[in-house]
Amino acid sequence: MTASHPIPFTNSYANLPERFFAPQAPTPVSAPALIAVNDALARQLGIAPDFLRSPEGVAMLAGNHLPEGAQPIAQAYAGHQFGGWVPQLGDGRAVLLGEVTTPQGSYDIQLKGAGPTPFSRRGDGRAWVGPVLREYVVSEAMAALGLPTTRALGAAFTGDTVLRDMKRRRGAVLARVARSHVRVGTFQYFAARGDVEALQILTDHVIAKLYPDCQNALDLLQAVVAAQARLIAGWMSLGFIHGVMNTDNMAVSGETIDYGPCAFSDIYHPEMVFSSIDQYGRYAYGAQPQVALWNLAQFATCLVPLMGPQEAAVEQATAAINTFTPLYQAEWLGRFGRKIGIAEAQPEDLPLIQDFLTALAQGQGDFTRSFTALRRGEDAAQELSDPALLETWTSRWQTRLAQEADPQGVMAAANPLRIPRNHRVEAAIMAAEDGDLTPFETLMKALAQPYGEAPEFAAFEAAPALSERVIRTFCGT
């Protein structure tokens, strides 16, 4: 790979009809400076990490340099935001540079915070270091935890400031990688306009890029339903709360996308909300499966015009959507069964799992540490404000585990020791805004292998003290 061709771009989305996007180059910044490069991901994409650290590479990460072969665009989409319909949204602060093809498939490379686009809706198109580092940390943690997600290829300071909440904040850009940035809202954009031709083109594009075994729109719907069932069950098993599950934030790839006011639970409760903009709990932890189902129903509505005679198409789409709940429940049961040491949980194991979660909620137990205690053979009751809540449960659980061959091994593979706790992420952001990247770099090392014992990172397993708890997270841009 030569210096003149550091990234082998292709541009399948930019080759779609012009109504799918707006051509848009990143807006240059004053003084690009490197925050981080994801060496492992770069190599996976066939990109030399040394290039990304070079002046030319840092300029690319910040939006000041377009590599040869890139065709920068801002994608058009619509969406339901907190249930309210918005007919035009689109990439208001992100520019898709192109795609890189690997043996595992093609991957988008997008710059977030790259300046205004035709979809910016009077915004400045920029980002400050807070949301950039939050997405970098949490998306990479999500990948290490084993769930499908967008990834962080790198990040750069811009040398400029942005005005947020009446404060001047240090500007930054994130280079994001995804299998695709097509969302449910992308399909809604064309469905709302009655553009059946565009819906077919988009369907064909997504099938070719993501689901080559699919033959038609119904196949695609079934594949996306299954992917989302697996993803949401994975979120639930980690105590993850996305925070803003609008249809424009649901990727048809089944990847977690758009880490805004997200959080991993400390004290567990199914009604837990961290997002500062979710005033009524629409996207609370326990509401996520139902919201996903609702979003998928909107997706199905978009595909119905492509599925033949409408009465039969509606029946087929409804049947596909109705598979979400059993698929999700089966995945949820398997994941939570493994979290308490049951390799292949059966429906009769469900009360044992649910009773443990009820005890956590009533006893204000820390989600991750309570499961960690089970993994280590410690007394999980000591994680609760009322240990008596687990007295009878523990004996039932031990009786059930007697039927398992290797419950400790099963739990070790299912229960992470370290998650990106909110107070740690916030501390890293505050230090980075002052120019100190050490907390961020240390946090990334601690989260790189979250399931493995690592005494040097024992402090990152601890739940926050009451004074350290972060109970509100913000979208930020």
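At what angle do helix α10 and helix α11 pack, and how far apart are their axes?

Mentor: Some ground rules come before the angle. This is a predicted model, in which local features need pLDDT of at least 70 and side-chain atom pairs count only at pLDDT 80 or more, while totals for chains, interfaces and linings use all residues. Residues are numbered from 1 along each chain as its sequence is written, and side-chain values use heavy atoms, without hydrogens or water.

Helix α10 covers residues 324-339 and helix α11 covers residues 350-363. Helices (H or I, at least four residues) and strands (E, at least two) are DSSP runs, numbered from the N terminus. The angle between α10 and α11 is about 70°, and their axes are 10 Å apart. Such axes are lines fitted to C-alpha atoms, for helices over the stretch in contact, with angles from 0 to 180 degrees between N-to-C directions. The angle makes α10 roughly perpendicular to α11 (65 to 115 degrees; under 35 is roughly parallel, over 145 roughly antiparallel, the rest oblique). The crossing of α10 over α11 is left-handed (the near helix is turned anticlockwise from the far one by less than a right angle; clockwise is right-handed).

On the α10 side, Trp332, Leu333, Phe336 and Gly337 make the contact (heavy atoms within 4.5 Å). On the α11 side, the residues are Leu350, Ile353 and Leu357. By class, this α10-α11 contact has 6 nonpolar residues, 1 polar and no charged. Here Ala, Val, Leu, Ile, Met, Phe, Trp, Tyr, Cys and Pro count as nonpolar, Asp, Glu, Lys and Arg as charged, and the others, Gly among them, as polar. An α-helix has 3.6 residues a turn, so residues three or four places apart point the same way.

Now α10 on its own. The end C-alpha atoms of α10 lie 22 Å apart, which agrees with the 22 Å that its 16 residues should span at 1.5 Å a residue (1.5 Å times one less than the number of residues). Eight names make up the buried set of α10: Phe324, Tyr328, Trp332, Leu333, Gly334, Phe336, Gly337 and Lys339 (under 20% relative accessible area; exposed is over 50%, partly exposed in between; 1.4 Å probe, protein chains only). Besides α11, the buried residues of α10 pack against α7 (217-238), α8 (288-303), α9 (310-321), α12 (367-375) and α14 (407-414).

Arginine 338 also belongs to α10. Its relative accessibility is 31%, so arginine 338 counts as partly exposed. Not counting residues up to four places away in sequence, arginine 338 touches Ala343, Val410, Met411 and Ala414. Glycine 308 is 30 residues from arginine 338 along the chain, and their C-alpha atoms are separated by 42 Å. After α10 comes glycine 341, with a positive phi near 95°.

The partner helix α11 has a further crossing, with helix α13 (residues 391-401). Their axes come within 11 Å and cross at roughly 145°, and α11 passes α13 in a left-handed crossing. Pro351, Leu352, Asp355 and Phe356 of α11 meet Trp393, Arg396, Trp397 and Arg400 of α13. The α11-α13 contact holds 5 nonpolar, no polar and 3 charged residues.

Helix α4 (residues 129-145) and helix α15 (residues 422-433) cross at roughly 135°, and their axes come within 9 Å. The two are therefore oblique to each other, and α4 passes α15 in a right-handed crossing. The contact joins Val129, Gly130, Leu133, Arg134 and Val137 of α4 to Val425, Glu426, Ala428, Ile429, Ala432 and Glu433 of α15. Its residues divide into 7 nonpolar, 1 polar and 3 charged.

Most residues other than glycine have a negative phi. Arginine 122 is not a glycine, yet its phi is positive, about 70°. Arginine 122 sits in the loop between β8 (105-112) and β9 (127-128) and counts as exposed, at 86% relative accessibility. Aspartate 165 is another residue other than glycine with a positive phi, near 50°. Aspartate 165 lies in the loop between β10 (151-164) and β11 (167-178) and is exposed, with a relative accessible area of 68%.
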